[in-house]
Amino acid sequence: MKNVTLLFCAVFIMAVSSCKKEDAKNANTPLVGKWKLDANYISTGGPGEWISVPKTDSHYVQFYADGKLGGNEFAGYYSYVVKDSLLTFNNAADGVQKYLHNIRHDTLTMTPNGPPYCIEGCAIRFIKEQ
């Protein structure tokens with residue numbers, strides 16, 4: 001019985017260790033930093049498409065480690081909170097804007113999650129600046 005318990009503990013420790021390694025290997029780029037607007041996803045009821053913003057466009061969002069929000073893309077919002085894949089922006093009038101967000105490599109994609117919502121489908125894409 002002692003061997004079975006020891007074997008179970010060893011398997012459990014290996015499983016937990018492998019999960020942590022996998023999580024670290026798949027970790028996304030941190031949200032903190034400056035992100036430049038790259039494209040808007042627009043659909044008018046049919047298949048949507050990404051529309052690139054002009055390279056001369058200087059819209060960006062800055063996420064600070066202390067939860068403050070900067071930049072000119074979300075003017076009026078001063079802070080943010082991240083919970084799982086939900087990103088919530090707050091403004092001075094106790095208003096919020098929620099986004100589902102996803103980070104892959106150096107690309108941040110955000111889709112409105114209320115209020116408002118996009119019925120036809122919409123999203124915005126940012127590229128992290130170095």
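1. Let's start at Asp-57. Setting aside residues within four places in sequence, Asp-57 is in contact with Lys-36 and Leu-37. Keep in mind as you read that this is a predicted model. As for its place in the fold, Asp-57 belongs to the loop between S2 and strand S3 (60–63).

2. What is the nearest side chain of opposite charge to Asp-57, and how far away is it? That would be Lys-36, at 6.1 Å. Asp-57 is buried, yet has no salt bridge.

3. Now for the rings. The count of aromatic pairs comes to eight. One of them joins Phe-74 and Phe-89: the ring centres are 4.7 Å apart and the planes stand at 65°, so this pair is edge-to-face. It links distant parts of the chain, with Phe-74 in the loop between strand S4 (69–71) and strand S5 (77–83), and Phe-89 in strand S6 (residues 86–91), 15 residues apart. Are these two residues buried or exposed? Phe-74 is buried, with 9% relative accessibility, and Phe-89 is buried too, at 0%.

4. Phe-74 also forms an aromatic pair with Phe-126, and this one is tilted, with 6.2 Å centre to centre and 45° between the planes. Here too distant parts of the chain are linked: Phe-74 sits in the loop between S4 and S5, while Phe-126 is in strand S9 (residues 122–128), 52 residues apart. Phe-126 is buried, with a relative accessibility of 0%.

5. If you want to view the rings together, pick out Phe-63, Phe-74, Tyr-77, Tyr-80, Phe-89, Tyr-99 and Phe-126, which form one aromatic cluster.

6. The charged end of Lys-34 sits over the ring of Tyr-60, 4.3 Å from the ring centre. Likewise, Arg-125 has its charged end over the ring of Trp-50, 4.4 Å from the centre of that ring.

7. Arg-125 comes up again when you look at His-101. The C-alpha atoms of His-101 and Arg-125 are separated by 9.7 Å, and the two residues are 24 apart along the chain. His-101 is placed in strand S7 (residues 96–104) and is buried, with a relative accessible area of 14%. Which residues does His-101 touch, not counting those up to four places away in sequence? The list is Val-82, Asp-84, Ser-85, Leu-86, Leu-87, Leu-108, Thr-109 and Met-110.

8. On to the cysteines. The structure holds one disulfide, formed by Cys-118 and Cys-122, with the sulfur atoms 1.5 Å apart. The link of Cys-118 and Cys-122 is right-handed, with 55° about the S-S bond. Cys-118 counts as partly exposed, at 31% relative accessibility.

9. Last, have a look at Gly-45, found in the loop between strand S1 (33–42) and strand S2 (49–52). Gly-45 is exposed, with 63% relative accessibility. Along the chain, Gly-45 and Ile-119 are 74 residues apart, but 8.3 Å separates their C-alpha atoms.

Terms used:
Residues numbered from 1 in each chain as written. Predicted model: local features only at pLDDT ≥ 70, side-chain atom pairs only at ≥ 80, totals over all residues. Heavy atoms only, no water. Helix = DSSP H or I, 4+ residues; strand = E, 2+ residues; numbered from the N terminus. Buried < 20%, exposed > 50% of the residue type's maximum accessible area, 1.4 Å probe, protein only. Contact = heavy atoms within 4.5 Å. Disulfide = S-S within 2.5 Å. Lys, Arg positive; Asp, Glu negative; His and termini not counted. Salt bridge = Lys/Arg side-chain N within 4 Å of Asp/Glu carboxyl O. Phe/Tyr/Trp six-rings, centres within 6.5 Å; stacked < 30°, edge-to-face > 60°. Lys NZ or Arg CZ within 6 Å of the ring centre and 35° of its normal.
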